[in-house]
Amino acid sequence: MSGSSARPKRRKAAGAALRYEHRPGRPNAGEAKKRDWGCAWGCVVLPSFALLLTPLVLLKTYWGHELWGDFAPAWPGGAYAFAGTVGALVPLVFIAWVWPLILMDWKKSKPRSLAWAVASLPGLAAGYLVAGVISTTIRPKRRRDWDYDCYREGGPCWVHVHYPWLWVVGLAATLAVITLLIGLFARHVRRSSATAPSTSEPEDDPSPRSPTGTGGRRPPA
């Protein structure tokens, strides 16, 4: 009968439980974090979003019918020319708003960055105005909501009936201005690169005694 003198290995003691047991009545950290984000969404984001949409709603409600019923037809060239003007302003007001924000650099100069932020506000206001004018031509999504107010003179449905190609003219004007701006920017970049100073050192002028600039020495073979 064969046996072994080695003792059997003892089992290691079970490690302490690392999992935290949630006690009833004590708030969980994950739930508290979710509640904080929910409060931030409900208390800050939603009111800010509603505040941003308020000017568009007011413009569409109180001035939409007068805008397209009276003002746009009296524009030089008629309502289609007015739509082309609005479409051409879309990229311009966007650049007027975004370009000062691009020039901001808080690490370099806070006062100058704050000045650029203030300089972007007129572009933002103009963007709101252009967006409000465009929003007055948007019909309700559901056809059953196209009521008398929609077909009233200057209303969204009235605009689409009397000026069916309005969106084509506005979109064409927007694309034309974007193409023009891209061409001007590319031309400016080419002109800047052509007039950039050269970093290479000029070659030594040849001395009077040596037309080749070697100073009378024989150039190496």
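The second largest pocket of this predicted model is lined by P91, F94, I95, V98, W99, I102, L181, I182 and F185. Two elements, α3 and α8, each give two or more residues to this lining. The largest share, 6 residues, comes from α3. By class, the lining holds 9 nonpolar residues, with no polar and no charged ones. The space in this second largest pocket amounts to about 240 Å³.

The largest pocket contains about 280 Å³ of space. Its lining is made of 14 residues, and those closest to the centre of the pocket are I134, T137, L166, W167 and G170. Helices α3 (79-102) and α8 (166-194) each supply at least two residues of this lining. Here the largest share, 5 residues, is provided by α8. The lining of the largest pocket comprises 9 nonpolar and 5 polar residues, and no charged residue.

| Pocket | Space | Largest share of the lining |
|---|---|---|
| Largest pocket | about 280 Å³ | α8, 5 residues |
| Second largest pocket | about 240 Å³ | α3, 6 residues |

The axes of α2 (residues 64-71) and α3 lie 10 Å apart, at an angle of about 125°. On the α2 side, the contact is made by L67, W68 and F71, while α3 contributes A79, F82 and A83. The residues of this contact are 6 nonpolar, with no polar and no charged residues.

The average pLDDT of the chain is 78, and 67% of the residues score at least 70. Among the elements of the chain, α3 has the highest mean pLDDT, 94, whereas helix α1 (residues 29-62) has the lowest, 64. Where pLDDT is low, the predicted coordinates should not be read in detail.

Notes: Residues are numbered from 1 along each chain as its sequence is written. This is a predicted model: local features need pLDDT of at least 70, side-chain atom pairs count only at pLDDT 80 or more; totals for chains, interfaces and linings use all residues. Side-chain values use heavy atoms; hydrogens and water are left out. On a 1 Å grid over the protein atoms alone, a cavity is a set of points where a 1.4 Å probe fits but cannot get out, and a pocket is an open set with protein on both sides within 12 Å along at least five of seven lines; lining residues have an atom within 4 Å of a point. Grid points are joined across faces, edges and corners, and a volume is the space filled by probe spheres set on the points. Helices (H or I, at least four residues) and strands (E, at least two) are DSSP runs, numbered from the N terminus. Ala, Val, Leu, Ile, Met, Phe, Trp, Tyr, Cys and Pro count as nonpolar, Asp, Glu, Lys and Arg as charged, and the others, Gly among them, as polar. Axes are lines fitted to C-alpha atoms, for helices over the stretch in contact, and angles run from 0 to 180 degrees between N-to-C directions. Contact means heavy atoms within 4.5 Å. pLDDT is the predictor's confidence in each residue, from 0 to 100.
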